[in-house]
Amino acid sequence: MPGGSTLTAAGFVPAPLVELLAALTEYGPDIVEATGQTLYMVGLAILFATLAGVPIGTLLVVMDRGHIAAFPPLRALLAFVVNTGRSVPFIILLIALAPFTRLLVGTSLGTAAAVPPMAVAATPLVARVVETALREVDRGTIDAAVAMGATPWQVVTKVLLPEALPAVVLGVTIATVGLIEFSAVAGAVGGGGLGDLAFRMGYQRWEAGVLLACVVLLVALVQLVQWTGESLARRLNHR
């Protein structure tokens with residue numbers, strides 16, 4: 001039909017919408033499974049990245065010159081490792097970590113195999129956003145806690161992290177959005193998820209409706225994660 005539309009009982013419907021609805025009807029179970037795989041990869045990866053990135057980011061702050069646990073040489077080494085991790089493109093990291101992934105999960109292909117490289121890729125980002133958030137904490141508050149006899153551990157757990165928590169949540173949200181992008185890249189090389197479905201069905205078989213469905217779902221996931229992170233940060237911000 002003219003203009004790339006299809007005549008239906010409801011009138012003219014844009015062709016992309018027709019293809020999207022047809023894909024949801026024909027490949028609905030595959031799309032649901034791929035969405036679940038993406039959520040699995042991103043959820044586990046951000047969990048592990050947060051568990052590793054928060055301590056690393058905290059050490060980057062407290063070991064800096066003049067801080068509560070100053071150790072500049074070790075801090076410089078840790079910063080170098082973090083910067084190196086951030087500078088390696090994810091697709092290269094995915095390939096380079098294949099032996100480690102195979103040792104860890106028994107295979108270098110599939111959804112589970114995508115989690116370790118995704119977590120490794122996100123850890124430096126989480127560490128840096130945590131570092132930035134902690135540096136925003138008022139130094140007077142830290143000095144007051146030290147003057148009252150607080151240990152470095154108490155300063156971190158009772159002052160630094162609670163005060164910086166809203167900013168940390170926003171930083172983890174940014175990292176999660178980045179992991180959704182990484183999951184699409186991992187899918188293109190056999191990692192499963194929406195990226196894998198978009199590549200196999202949408203690109204190789206040129207099922208435009210499937211490709212469009214994957215794009216719409218990825219955009220929706222990003223919007224949902226961003227909204228959730230911002231809402232949680234606002235709730236945690238008592239200033």
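I began with Arg139 and Asp143, which form a salt bridge whose closest N and O atoms are 3.3 Å apart, and I note that the model I am reading is a predicted one. Both residues lie in helix H6 (residues 139-147), 4 residues apart, about one turn of the helix. Arg139 counts as partly exposed at 36% relative accessibility, and Asp143 counts as partly exposed at 41%.

I then looked up the salt bridges of the structure, of which there are 5. Arg135 pairs with Asp64, with 3.1 Å between the closest N and O atoms; this pair links distant parts of the chain, since Arg135 is in helix H5 (residues 111-135) while Asp64 is in the loop between helix H1 (15-62) and H2, 71 residues apart. Arg135 is partly exposed at 37% relative accessibility, and Asp64 is partly exposed at 24%.

Next I followed Glu131 of helix H5 to Arg75 of helix H2, 56 residues apart, where the two side chains meet in a salt bridge at 2.7 Å, N to O. Both Glu131 and Arg75 are buried. I also found that Asp64, Arg75, Arg128, Glu131 and Arg135 are linked in a network of salt bridges.

Last, I checked the unreviewed UniProt entry, which lists several spans as "transmembrane region", including 74-97 and 209-229. In the model, residues 74-97 are 88% helix and 0% strand, with end C-alpha atoms 25 Å apart, whereas residues 209-229 are 100% helix and 0% strand, with end C-alpha atoms 30 Å apart.

Note on methods: Residues numbered from 1 in each chain as written. Predicted model: local features only at pLDDT ≥ 70, side-chain atom pairs only at ≥ 80, totals over all residues. Heavy atoms only, no water. UniProt positions renumbered as here; feature names shortened; annotations may be inferred. Helix = DSSP H or I, 4+ residues; strand = E, 2+ residues; numbered from the N terminus. Salt bridge = Lys/Arg side-chain N within 4 Å of Asp/Glu carboxyl O. Buried < 20%, exposed > 50% of the residue type's maximum accessible area, 1.4 Å probe, protein only.
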